[in-house]
Amino acid sequence: MTRRLAFLSSAPFLLALVFLASLSLGGGSLHFRDMVQALVAFDAGNYDQAVILYQRLPRALIAIYVGATMACGGAVLQGLVRNPLASPSTLGINAGACLFVVAGAFLFDLDIASLGLAALAGAFSGFLLCLVIARLAGRTNDPRGLSLILSGALVSMLLLGLTNAFLLSDPVRRSAFLSWVTGNINHVYIDRLYAFWWIGAAAIGILAILARPLTLILLGAEKAASAGVNVAIVTPLALAATVLAAGSAVAICGPIGFVGLIVPHIVRPFAGNNFAFLLPACAFTGASVCLLADLLAREAFQPYVLNTGLLMDLLGGLVFVVIVKRFYLSPAARREA
């Protein structure tokens, strides 16, 4: 309990520290005084303050939103699917949202609001397609959820392949989405955050309300039902909130993969499996991880700026190998199988 409280109390301070670093570090690091003045008494003639307010702050806010929503979504998916590899990026959610946004822009020239709806529809479509394929593959006889993860990998490859086909079909418009498709946290997308932030906020609010029944469901559907949990309503509602949150994040800056996969594994040893503690811990830690990844992508390879999604794919891929080795290839995991 002491370790849990220590982690939960330190997570907001860590986020604040990384947030300040994101605003201050860069070409010509700025003092704390400059940041405060840019936020509370902006001087339009001050270049440094303009950089903070119009470039670094929007990037930081987008990173916080994406990290928090994806991390909370990954924690819920891993709990309900009962597989440590479950996340929006491994269950077709991100890929579906990405495809529908690109298809909507290329085929129907949708505006920002309509592209947001397309992302949500695509997120649901990708996840449902994953469930259908897993059911056909015999998911009911797969308590560890391996068929669902493999179905998610198959669906993601298929949908991303279709996305690339759209990009190749129109070289003129390709440049507008080529960077976005690889997960690009960019200050120019702040209008999309302004349009869609409430979706993720509402979704995380729903998950917070469902924290207790979700924790009971981890003990088993029968035990949860005996404790008064309506499993038939809580489970799809939580999944819907997760898909909405992930879809809104993709609509803003493209698919930022592996945040939802790795953060719950970082947090769970400290916060435990109780969603009342796990969700806020994932939200703060996911925001910090995404902020730090964006800062590294922006500054570590100067004069080049990497897409945050590419850096997260690199880091997440390494963690993915560790998770597979721990949960599926270790002697203890083989004995359980």
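Modeller: First, a bit of bookkeeping: a contact, or touch, means heavy atoms within 4.5 Å. What you're looking at is a predicted model, where local features need pLDDT of at least 70, side-chain atom pairs count only at pLDDT 80 or more, and totals for chains, interfaces and linings use all residues. Numbering starts from 1 along each chain as its sequence is written, and side-chain values use heavy atoms, with hydrogens and water left out.

I'd zoom in on A86. You'll find A86 in the loop between helix 3 (47–81) and helix 4 (93–108); helices here are DSSP runs of H or I with at least four residues, strands are E runs with at least two, and the numbering goes from the N terminus. A86 has 0% relative accessibility, so it counts as buried. The cut-offs are under 20% relative accessible area for buried, over 50% for exposed and partly exposed in between, with a 1.4 Å probe and protein chains only.

Who packs against A86? Leaving aside residues up to four places away in sequence, A86 touches G74, L77, Q78, V81, L91, I149, G260 and L261.

R82 is partly exposed, at 41% relative accessible area. F258 has a positive phi too, about 75°, although it is not a glycine. Its place is the loop between helix 11 (231–253) and helix 12, and F258 is buried at 17%.

F7 and F270 form a stacked aromatic pair, 4.9 Å centre to centre with 5° between the planes. The rule: Phe, Tyr and Trp rings (the six-membered one for Trp) pair if their centres lie within 6.5 Å, and planes under 30 degrees apart are stacked, over 60 edge-to-face and the rest tilted. F7 lies in helix 1 (residues 2–24) and F270 in helix 12 (residues 259–271), so this pair ties together parts 263 residues apart in sequence. F7 counts as buried at 16%, while F270 is partly exposed at 34%. By that rule the count comes to four aromatic pairs, and F106, F166, F177 and W180 form one aromatic cluster.

For another loop residue, look at I185, between helix 7 (171–181) and helix 8 (190–209). I185 is buried as well, at 0% relative accessibility. It touches R59, I62, A63, C253, I256, C290, D294 and T308, again not counting residues up to four places away. One more backbone item: a cis peptide bond joins Q302 and P303, with omega about 10°, and P303 lies in the loop between helix 13 (275–299) and helix 14 (308–329).

For contrast, R33 in helix 2 (residues 32–40) is exposed at 58%. The C-alpha atoms of R33 and L207, 174 residues apart along the chain, are separated by 38 Å.

Zooming out, the protein has 15 helices and zero strands. Buried residues make up 51% of its 337 residues, and among contacts with a separation of 6 or more, 75% come from residues 24 or more positions apart. The radius of gyration is 20 Å, which agrees with the value near 20 Å for a compact globule of 337 residues; it is taken over C-alpha atoms, and the globule rule is 2.2 Å times the number of residues to the power 0.38. Along its principal axes the C-alpha trace spans about 65 × 55 × 40 Å.
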